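Try each task yourself before reading the solution.

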Amino acid sequence: MHTRSLALLLFALALLGAGAPAPATDAPPAGAPDIWRWTDRFGQLHYTPKIDIPPERRAFAEPASAPLPPGTTACDAAWNRYRANQACFDAFRVVGGGLKPDAFRHCQELPQPQPCR
């Protein structure tokens, strides 16, 4: 098994700890784009660079690395990390769907979590 595959497997197994408390914070990798977490007027959660947040929603936005609310499940925390990292990669996308090579130096590649139950 490749080292990268083993690391992803171990990470995924660590996330499966049902009922485990969510980590207090998930710091982005150094050099990653500044990703923010915010909710639109319909209650939909978004992860985007701050510049992409509508002006009327900026007061309610917080860095994606900010602590999650108390009581956040491990599954919800895993999805928070996944969505924030996908937003990081979005900043490096090019026309046609490819990624700039710098994406893998600044963003953390995470497997998609299992659906929460």
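**Exercise 1.** How many residues lie between β1 and β2 in the hairpin, and which residue in the turn has a positive phi?

*Solution.* Keep in mind that this is a predicted model. Start with the pairing: β1 (residues 35–39) and β2 (residues 45–49) run antiparallel, joined over 5 bridges. One of the contacts to look up is Thr39, whose bridge partner in β2 is Leu45. Now the turn: the hairpin has 5 residues between the strands, and Gly43 carries the positive phi, about 90 degrees.

**Exercise 2.** Classify the ring pair Trp79 and Tyr82: stacked or edge-to-face?

*Solution.* The model has 2 aromatic pairs. For Trp79 and Tyr82, the ring centres are 5.5 Å apart and the planes sit at 85 degrees, so this pair is edge-to-face.

**Exercise 3.** Which side chain does Arg37 meet in a salt bridge?

*Solution.* The whole structure holds 3 salt bridges. In one of them, Arg37 meets Glu62, at 2.7 Å from N to O. That pair links distant parts of the chain, with Arg37 in β1 and Glu62 in β3 (residues 62–63), 25 residues apart. Then compare accessibility: Arg37 comes out at 6%, so Arg37 is buried, while Glu62, at 31%, is partly exposed.

Key. Residues are numbered from 1 along each chain as its sequence is written. This is a predicted model: local features need pLDDT of at least 70, side-chain atom pairs count only at pLDDT 80 or more; totals for chains, interfaces and linings use all residues. Side-chain values use heavy atoms; hydrogens and water are left out. Two strands pair if DSSP finds at least two bridges between them. Helices (H or I, at least four residues) and strands (E, at least two) are DSSP runs, numbered from the N terminus. Rings of Phe, Tyr and Trp (its six-membered ring) pair if their centres lie within 6.5 Å; planes under 30 degrees apart count as stacked, over 60 as edge-to-face and the rest as tilted. A salt bridge is a side-chain nitrogen of Lys or Arg within 4 Å of a carboxyl oxygen of Asp or Glu. Buried means under 20% relative accessible area, exposed over 50%, partly exposed in between (1.4 Å probe, protein chains only).
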